[in-house]
Amino acid sequence: MSAKPRFYVTTPIYYVNDEPHIGHAYTTILADVLARYHRDRGERTFFLTGTDEHGQKVQQAAEKRQVDPKQHCDEYVVRFQEKWEKLNISHDYFIRTTDENHTEVVKYLLQKLWDDGFIYRDTYEGWYSVAEERFLTDKEYEEGDWREVKRLSETNYFFKMSEFQQQLIDYIHDNPQFIQPDFRRNEVLGFLRQPLGDLCISRPKSRLSWGIDLPFDPDYVTYVWFDALTNYITGIGYPQDPERFKKWWPVDYHLIGKDILTTHAVYWPTMLMAAKIPLPKTIFAHGWWLVGTAKMSKSLGNVVRPLDLADKYSVDALRYFLMREMAPGQDASFTEEIFITRYNSDLANDLGNLVNRVTKLVGRFFEGKLPGNADPTPEDADITEKAMALKAVVDTEVDELKINIAIERVLEMLRDINRYMDNQAPWKVVKTDPVRAGGILYTTAEALRLAASALHPVMPAKIMELFDIFGIPDNAFPNAHHWFEWGFLKAGAPVKATAGLFPRIDKEAELASTTDQKSESKPKPIKIKPEVAFEDFEKLDLRVVTIVAAEKHPNADRLLKLQVDLGGEQRQVIAGVAEYFQPDELVGRQITIIANLKPAKIRGEVSQGMILAADDDQSIAPLVPIIPVKNGSKVR
Ligand code: MSP
């Protein structure tokens, strides 16, 4: 007999200094939902999350608080651990990079790569920015306006990442599942078209002391990524417990945000190749939660704290919203208004109301005991069939990581059940044919039980509450034989009255009380620049162009390098929109540029023009013609 399937899923390990927000909560809940789907199928499952605790920022934060860095981490890690507990996260292990076992294994791995000749020592001389605490490339130094720059010569240790470039490219081509979604795979392949450098993996202790010592040179610590990525294997017993390691590795999913794609899809696989460890099955990069249209950031003061919402609307409503609203891969927008709309339509209406209706009718007409259905009609058979097919439908979507679609399928089912009930109208039928009315209520309850099972991973507490209403004991789900078959609920079973699983939210009243709304209603006064003559305006040549190619600027995180078609002429324009748009999203779009701006070199890349974009201090929105026009069209 073959062993039960097994499933291993990870989240990024979060910087221990950070205040957990809905972005962190999203990845963690997504991993939790996946783990729970697999557990509900009876698979052996391992779910790893944790915190990234070494590095400059932690060292500095501890110094500021005048405590030892480890003590600082011990105090701060609790913020993540407590939140995950409240959000009902069912991780099997919470790893901390300061765990003794982890640090020992990182040293072991470094030693192994050093012994095998994949790490070398080299002296690098270059321009060093004291403010940014990093070396600048010559190009960056020449182009940028840097403060506190000095010439520094530093010896460091480097991992021979470049040796694995071709092997990695081949692997990505041969394994389309390795980097998902597909457009992220293309992004990584694009990155790998340029020569891959070696990776500096150390910092001298004079610069950074809060890290793991290099086993072959105690004057150095290893730099954070080498330490952090390794958590995915130290958390499952590498190398001390080979049996356990083999049981879980290769991982099924490394879930990450799009911000850390390169480290996961380039650094990590090359490290694994050097260590002769198989590569992960899938690295899945999800999109970004925006607040309205803006990036979430401390400086904008728009950070959404997950527990504020969970306290207000229930943990499961928050979990539901995050899973339903984001198509994994794409960005999604959070506002309290969208949250409440979704809650009311899906949870209060489609699900909550259905539960209320069934329980009330059973209470009123059948003394709180579930009637049976001895004589099913074709309409009953129809709903029965759909309910029984639902599990397979949902499993397929979940296996493609389309959790939002899986949820939508369940909601469609719930709407079908509501419609069935409306059409059959048991509250009317009961007056003339109580047996038939009982049959309708049984069919409704049983279909509801099956649909609810498919939502259990998303809303574990609420769904167990729902089962309890139907008298199902805690341990029955999903272990009971016949759980996923029709007929699990038995006639005569007690049905409890309920105060409502998801009470409706009064949207207007709720929104009126949120501070966001108040601050938004007071716009800042706008300062207009001094007048200019029409002739001055006419000096600018504004044109419509189509973006034909886009990629990240090699030397600047906030810039994109765009190739634009100006109607017969192609140009390169550098645009500061990388925080808001992925290169792929822009290709094929028409935008407007100033075509006669004197060309400039921006961080080493020529920019022949500048894009026009609206800036409201929160987002940057390139200006587009509202209907397609010829490239090169004038903007007047
Ligand atoms: N410590 C590194 C990861 C090391 S993994 C070996 C790190 N930590 S982090 O605290 O910055 O967390 C980044 C992760 O948080 C993202 O990859 C993503 O999973 C999640 N999110 C942070 N902000 C987010 C949004 N606004 N939206 C969605 N998820 C985001 O990077």
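Which helices and strands each supply at least two residues of the shell around the ligand?

1. In this predicted model, the elements that each supply at least two residues of the ligand shell are β1 (6-15), α1 (22-40), α8 (224-229) and α9 (231-234). Of these, β1 gives the most, with 4 residues.

2. The shell around the ligand holds 24 residues, and those that come nearest are Ile13, Thr27, Asp52, Gly257 and Trp289. By class, the shell residues divide into 12 nonpolar, 9 polar and 3 charged.

3. A side-chain N or O atom of Thr27 is placed 2.7 Å from an oxygen atom of the ligand. For Asp52, a polar side-chain atom lies 2.7 Å from a nitrogen atom of the ligand. Trp289 contributes through its backbone, where an N or O atom lies 2.8 Å from a nitrogen atom of the ligand.

4. As to the division of the protein chain, domain 1 covers residues 335-521 and domain 2 covers residues 534-622. The centres of domain 1 and domain 2, taken over C-alpha atoms, are separated by 51 Å.

Key:
Residues numbered from 1 in each chain as written. Predicted model: local features only at pLDDT ≥ 70, side-chain atom pairs only at ≥ 80, totals over all residues. Heavy atoms only, no water. Domains from an automatic or database assignment. Near = heavy atom within 4 Å. Polar contact = N/O pair within 3.5 Å; in protein donor to acceptor, adjacent residues only side chain to side chain. Nonpolar A, V, L, I, M, F, W, Y, C, P; charged D, E, K, R; others polar.
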